[in-house]
Amino acid sequence: MTLKCEWTQYLGPGSSPGGHQLTDWLTGVQPLDMCALRLINGSFGLGTRFLAPSSVRLVRKTLYGSQPSADTGTNVTSCGQQLEVHHSRWPHCLHFTYTWLRDHCRCPQCYDHKTYQRKYEISNIPLGIRPVAVKATEKELKVKWPDGHESGYEYKFLWQNTFEGQQTSYRMPQLPWTTATLPEAHQTTASFKNLTYGFILDKYCTVPLGDLCDPEKGGVKRLIYAIVKHGFAFISEVPADIESTRTAIEKVCNIKNTFFGDMWSMKGTNYEHFDSAYSTAYIGAHTDSTYFTQACRIQVFHCLQPATEGGENLLVDGFSIAKQFRDKHPKGYAFLSSEAIPSEYIEDGQHQVSLDTIFKHNPVTRNIKQFRYNIYDRAPLSSLPMEKTQDFYTHFSNLSKIINNPKNEYWLKLNPGTVLLTDNWRLMHGRANFTGARFMCGCYLDNDDFCSKARVLEVQLE
Ligand SMILES: [Fe+2]
Ligand SMILES: [Zn+2]
């Protein structure tokens with residue numbers, strides 16, 4: 001940074017370049033009378049807030065403003081308890097409070113770069129801290145603190161780690177769909193009974209197992225990308241047995257162990273668990289594990305042997321449902337986004353309970369983050385005072401009507417060799433009733449593990 005100002009006198013700790021051109025450190029951060037400076041300078045240029053007006057005469061107006069300086073592309077202006085930083089590669093300027101800057105020092109004393117953990121006690125940082133000097137070099141913003149501590153911040157770090165910078169960051173789009181807007185290869189007007197193995201495969205949503213195993217082919221990233229974008233994806237060419245399914249899924253991330261085990265399987269009507277899934281009956285669209293305080297994130301299905309008749313799988317996009325419901329019933333959407341509903345799972349030795357809303361949102365962006373809907377696992381409605389229950393039934397039944405609208409139902413027939421992965425925080429699944437020895441296996445992936453893998457592979461999640 002070059003500060004092209006001349007001052008007749010400079011009063012500030014640590015430096016006294018009176019009458020000299022300041023080209024380097026901005027020193028002497030002290031409380032100021034901004035109005036008086038404005039009279040002298042006519043603008044809030046760099047340095048004006050750093051200098052006491054009674055002791056300063058501005059000889060030449062600061063050249064700092066909204067234009068980056070040619071040499072570093074960075075302009076820094078002090079504004080009260082903040083620094084305003086313009087960087088040529090940022091779409092807009094950012095403001096940093098001094099406390100934020102001190103808290104985000106990444107020097108080895110403050111931050112362990114091996115463990116990626118902070119190393120200091122926050123209460124030791126004075127809340128009114130102000131730097132004694134600020135300097136913008138080509139690589140970083142440098143700040144000197146009153147105790148002599150020096151901090152350096154790469155511009156990329158500053159942009160990526162502030163709320164304001166995050167607002168313009170790219171996020172992988174999650175595209176809500178109905179059967180009419182599914183990617184082309186998924187569109188069909190045919191009866192679900194006519195769907196075939198080949199029909200459900202397309203290059204956007206299907207990754208062959210070989211591509212998952214070879215890091216060069218980037219199969220895991222493509223798979224995660226598709227799951228984030230559409231809420232589901234397929235792995236093809238997987239041998240039709242439980243162990244091969246496990247091996248394939250472990251290429252993505254660790255399998256979550258629940259009371260169903262790590263891999264579950266259901267053959268015909270083997271009642272390994274007394275859950276409706278372990279029957280031959282129709283099951284309407286729902287999300288799984290609403291009875292866990294954190295529902296499983298990814299649901300994996302591999303049909304090892306299809307039913308003789310029926311047993312087609314149903315997918316419904318919960319984010320699309322949320323949008324349709326919010327547009328049609330805004331009061332209902334607000335109700336089901338704020339009132340917690342209990343869910344439970346009971347069997348011998350298990351009583352899982354969770355109390356949560358049907359629509360959950362990112363606490364910062366307010367965008368929908370999770371859709372939780374399972375009519376089978378609803379517990380007795382003890383979370384609402386009786387006078388609110390009628391409202392609940394009205395809204396819940398309106399929601400249910402939208403979910404059951406055939407335009408939202410994507411039916412597909414799974415066959416041995418193709419593993420389906422769905423985002424259980426977004427997509428609902430169900431199945432048609434069936435006859436015969438339909439043999440399914442699958443597993444769950446945990447939200448934290450799945451998102452961690454996505455971040456490691458640089459899929460930009462919200
Ligand atoms: Fe399920
Ligand atoms: Zn430090």
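Predicted model: local features only at pLDDT ≥ 70, side-chain atom pairs only at ≥ 80, totals over all residues.
H9 covers residues 330–338 and H10 covers residues 386–403, and their axes come within 9 Å, crossing at roughly 110 degrees. Angles of 65 to 115 degrees count as roughly perpendicular, so that is how H9 sits relative to H10.

Next comes a sheet. Six strands line up in the order E13-E14-E25-E17-E28-E15, making an open sheet with mixed pairing. At the edges are E13 (206–208) and E15 (263–267), each of which pairs on one side only. Going from one strand to the next, the twist averages 20 degrees. Within the sheet, E14 (residues 232–236) and E25 (residues 419–423) run antiparallel and are joined by four bridges. Here Phe-234 stands opposite Leu-420 of E25. Helix H7 (residues 242–250) packs on this sheet, touching E14, E15, E17 (298–305), E25 and E28 (439–445). The direction of H7 makes about 145 degrees with that of E15.

Finally, there is a hairpin. Strands E20 (residues 341–347) and E21 (residues 350–356) run antiparallel, with seven bridges joining them. Pro-342, for instance, has Leu-355 in E21 as its bridge partner. Two residues lie between the strands of this hairpin, and Gly-349 takes a positive phi near 80 degrees.

Notes. Residues numbered from 1 in each chain as written. Chains lettered and ligands numbered in written order. Pairing = 2+ DSSP bridges. Axes fitted to C-alpha atoms, helices over the stretch in contact; angles between N-to-C directions. Parallel < 35°, antiparallel > 145°, perpendicular 65-115°, else oblique. Contact = placed C-beta atoms within 7 Å.
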